[in-house]
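Subject: A structure for you to look at

Hi,

Here is the structure I promised to hand over.

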Amino acid sequence: MWSRNREGNRPIDLTTWHTITLAIHFTPDTPTMADYLEPGKKAPAFTLKDQDGNTVRLKDLAGNPVVLYFYPRDNTPGCTKEACAFRDRYDEMKSLGAQLFGISTDSAESHVKFRDEYELPFPLLVDANHAMSEKYGAWREKNMYGKKSMGMQRCTYVLDDAGKVVKVWKRVRVDGHDQQVIDVLTELGSDS
């Protein structure tokens with residue numbers, strides 16, 4: 001079967017057209033979802049701004065455990081519940097030496113409103129282009145009611161004081177997650 005191109009002057013074989021289309025969409029250079037980081041792996045370096053415009057670099061956090069929790073969106077029910085649970089246990093995490101950061105693709109302005117409304121005492125990092133989230137495997141294909149799209153998957157990493165992954169929770173369930181993080185931080189402190 002033949003078809004004419006947009007200008008209407010050169011016939012294009014539809015089989016060839018399908019082959020070209022498939023090659024464009026499925027070339028080896030097409031980025032794929034990164035896997036989650038596994039325990040023992042060195043965490044990828046990152047530099048992001050927090051809600052107040054302060055620069056946060058992983059290399060500057062060395063010497064203390066770090067909790068990085070990735071969440072889909074400010075001011076949504078699950079994300080608010082998770083943030084408030086971490087807020088309520090923040091002093092306990094700090095007493096264990098941990099530094100806590102929330103990461104989403106929301107803007108700094110959105111983060112400020114979220115922080116202020118729920119009195120969150122920890123920084124919220126802006127990953128607008130989801131580059132960090134991709135490195136950590138948090139930017140994933142999601143399937144909502146049969147519609148597939150890329151988006152942030154709720155997950156949490158605990159890094160040791162040298163920046164190695166100690167624990168990863170993939171597809172976090174919010175209820176009780178704060179206690180899971182505290183348990184790992186407590187165990188990490190007792191291993192020192």
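A salt bridge here is a side-chain nitrogen of Lys or Arg within 4 Å of a carboxyl oxygen of Asp or Glu. Please keep in mind that this is a predicted model, in which local features need pLDDT of at least 70 and side-chain atom pairs count only at pLDDT 80 or more, while totals for chains, interfaces and linings use all residues. Residues are numbered from 1 along each chain as its sequence is written, and side-chain values use heavy atoms, with hydrogens and water left out.

Salt bridges

Searching the whole structure gives ten salt bridges. In one of them, aspartate 116 meets arginine 115, with 2.9 Å from N to O. Through shared partners, salt bridges join Asp52, Arg115 and Asp116 into one network. For accessibility I call a residue buried under 20% relative accessible area, exposed over 50% and partly exposed in between (1.4 Å probe, protein chains only). Arginine 115 is buried at 17%, whereas aspartate 116 is partly exposed at 45%.

Glutamate 38 also has a partner: lysine 170, with the closest N and O atoms 3.0 Å apart. (Helices, H or I with at least four residues, and strands, E with at least two, are DSSP runs numbered from the N terminus.) Both ends are partly exposed, glutamate 38 with a relative accessible area of 36% and lysine 170 with 40%.

What about aspartate 178 and arginine 89: buried or exposed? Both are buried. Their side chains form a salt bridge at 3.3 Å, N to O. Aspartate 178 belongs to helix α6 and arginine 89 to the loop between α2 (77-88) and α3 (90-95), so the pair links parts 89 residues apart in sequence.

The sheet

Seven strands make up an open sheet of mixed pairing, in the order β4-β3-β7-β6-β5-β10-β11; two strands count as paired if DSSP finds at least two bridges between them. At its edges are β4 (55-57) and β11, each pairing on one side only. Within the sheet, β6 (residues 99-104) and β7 (residues 124-126) pair in the parallel sense over three bridges.

Enjoy exploring it!

Best wishes
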